[in-house]
Amino acid sequence: QVQLVESGGGLVQAGGSLRLSCAASGSTASVNVIGWYRQAPGKQRELVAGISRAGTPYLPNSVKGRFTISRDNAKNTVYLQMNNLKPEDTAVYYCNAGSEVLNGSGKYWGQGTQVTVSS
């Protein structure tokens, strides 16, 4: 089992930045890809970024150039740096683990952290 705890969400003005953290615990040695997803009200959950244990990142075009993902394996923590935030980035952001592919979801989810971007 793997437990994921997100932190770092909050309220920020458009153009601002936030850094989300996802701390993993439990059977972390079995975890390859850790990713971030987000879900806005009335919308489907979507992949925001993923990173392999080796540090290979994946970001979809919708956030590329604004978001970066990094990983500290010694701390079992993945970070999502979000810059130049837009109101449409407002969502609950979830950490995910257990996938073996960068753009796929695994079976472990965190509880989510709210990000609200005001215009």
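Trainee: Does Tyr94 count as buried or exposed?

Mentor: First, this is a predicted model, in which local features need pLDDT of at least 70, side-chain atom pairs count only at pLDDT 80 or more, and totals for chains, interfaces and linings use all residues. Residues are numbered from 1 along each chain as its sequence is written, and side-chain values use heavy atoms, with hydrogens and water left out. Buried means under 20% relative accessible area, exposed over 50%, and partly exposed in between, with a 1.4 Å probe and protein chains only. Tyr94 has 15% relative accessibility, so the residue counts as buried.

Trainee: How many aromatic pairs does the structure hold?

Mentor: Rings of Phe, Tyr and Trp (its six-membered ring) pair if their centres lie within 6.5 Å; planes under 30 degrees apart are stacked, over 60 edge-to-face, and the rest tilted. By that rule the number of aromatic pairs is two.

Trainee: What kind of pair do Tyr37 and Trp109 form?

Mentor: Their centres are 5.1 Å apart.

Trainee: Why is the pair of Tyr94 and Trp109 edge-to-face?

Mentor: The ring centres of Tyr94 and Trp109 lie 6.4 Å apart. The pair is edge-to-face because the planes stand at 85°.

Trainee: Which residue has its charged end over the ring of Tyr94?

Mentor: A charge sits over a ring if NZ of Lys or CZ of Arg is within 6 Å of the ring centre and within 35 degrees of the ring normal. Here the distance from the centre of the Tyr94 ring is 3.8 Å, and the residue is Arg45.
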